[in-house]
Amino acid sequence: MNIKILWADDEIEHLKAQIHFLEGKGYQIDAVTNGYDAIDKVKDNHYDLVFLDEHMPGISGLETLPQIKELKNDLPVVMITKNEEEDIFDEAIGSQIADYLIKPVKSSQILLTIKKIIDNRRLVTEKTNSAYQQQFQKIFMAINNQMDQQEWAELYRKMIYWELELEKARTQEMAEIMTMQKAEANKEFFKFVSKNYQHWLHHPNDSETPVLSHTLFKKKVIPVIDDTTPTFFILIDNLRYDQWKVIEPIFSNHFKKVKEEHFYSILPTTTQYSRNAIFSGLMPSEIERKYRDKWIHDEESEGKNLYEEEFVQDQLARSGIHLKQSYTKITNSKKGKELVDNILNLVHNPFNVIVYNFVDMLSHARTEMEVLKELAGNESAYRSLTLSWIDHSPLLQALQKLEGKNARIIITTDHGTIRVQTPSKVIGDKNTTTNLRYKTGKNLNYSDKDVYAITNPDDVFLPKSNLSSSYIFAKEDVFFAYPNNYNYYVNYYKNTFQHGGVSLEEVIVPFVIYESK
């Protein structure tokens, strides 16, 4: 075990029984009688834990504590005191003690405290491993059963829960098993979507059809809009469900969660298609017909999401909503600061749309910048970057100004993203799209086993540049690569985060409503 503990107490002679008890349990104890010696010991030695008497001659435990923390901030310190006054506890807790005990202390108390602090990670790991092992078979059976769209969403949420729990427990072996189980789930989910997607689009009101991008406003947003509580519809682009669960506590610190739901992104799971569908309430080919000059085809160089504000206004008007509204898109830090400065003025509007483009830029930048590949080398690190961003973002600063105000806040996204691993060759003409998870063009040559192919775009309400256009969507963690310079592009794009295809991570995304506490 080799756990080394420093115990500082001016009455250390009276604690010999407890010290001998702990030594008998295998702990190594160094004992000192004052704060100065404790500081010197910490300076020159490694300890796993410090027991610190609050009342000692020379300098008190409360005076010794910050000096120990200055030397080794991550060293756990347990304060031991005769004083039960609340301000003593507050001061000690404010100085980041790990725990405190009231004298006289019993050997069993000391042992329990050590186990709680030192053995906590091991015990948590063992318990988490055991709990996931019990769930593993249930998840496996669910994956291989005939599930509906709601059950798939519930299973995905459950898997994300266990993925995050295993990550916290730092249990590598179980985490690898979860990764394999998620891969198996994506294999079956691809089959599920391929089988049912066209039916969903042609039967939007069927009980088996999930809420999709183009029905999101109609089914989830418009029903909550009123003229008594201003609603802020905040779309954080490219936000996966696991990223949401990591940043969720930050929002919950400031607002009361009313409901957490989901919707399915349409295909392709990209900003151009899914976000335009959300704001217009229409599928892409319907947008093209209704707004002939506002749908920009993939191969054209113009911006693909330039008319979102107009789309929102028209959709609300078609639904009989004629309330004052605003639209704000944040694409850089300057616009973020403007949002912080202006957020309280928006409270006077019954409905406000805020699009925050950051996570998508993060995923693209990670592909192109070696430093970000290093910082976000895996799923866990990618989530961590997202958490760091939101915690210091102008978006959070703006929302904090709404805390305590009469406001409703909707947090959602347009689609998710997946870390791609498996290359698949595709051949197309010069006008074929460059996206790695879907392609549209004519005369596409591809491996059938790797794609969900749509030979007639009209079947799924997708626009076509010419009469022979078709679409293909990558399954699981597949990404497309051309034969030219094949090895170079495979090595360049492998292990990057991409979107546009069919996976749990891209398709099933969060929709959460908060209100003021």
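Mentor: Axes are lines fitted to C-alpha atoms, for helices over the stretch in contact, and angles run from 0 to 180 degrees between N-to-C directions. This is a predicted model, in which local features need pLDDT of at least 70 and side-chain atom pairs count only at pLDDT 80 or more, while totals for chains, interfaces and linings use all residues. Residues are numbered from 1 along each chain as its sequence is written, and side-chain values use heavy atoms, with hydrogens and water left out.

Trainee: Are α7 and α10 parallel or oblique to each other?

Mentor: Helices here are DSSP runs of H or I with at least four residues, and strands are runs of E with at least two, numbered from the N terminus. The axes of α7 (residues 149-169) and α10 (residues 241-254) come within 10 Å and cross at roughly 55 degrees. Angles under 35 degrees count as roughly parallel, over 145 as roughly antiparallel, 65 to 115 as roughly perpendicular and the rest as oblique, and α7 and α10 are therefore oblique.

Trainee: Which residues of α10 make the contact with α7?

Mentor: Contact means heavy atoms within 4.5 Å. On the α7 side it is made by Tyr156, Arg157, Ile160 and Leu164, and on the α10 side by Tyr241, Asp242, Lys245 and Val246.

Trainee: Why is α11 largely enclosed by the rest of the structure?

Mentor: A residue is buried under 20% relative accessible area, exposed over 50% and partly exposed in between, with a 1.4 Å probe and protein chains only. Helix α11 spans residues 271-280, and Tyr273 and Phe279 are among its buried residues. The helix is largely enclosed because the buried residues number 10 of the 10.
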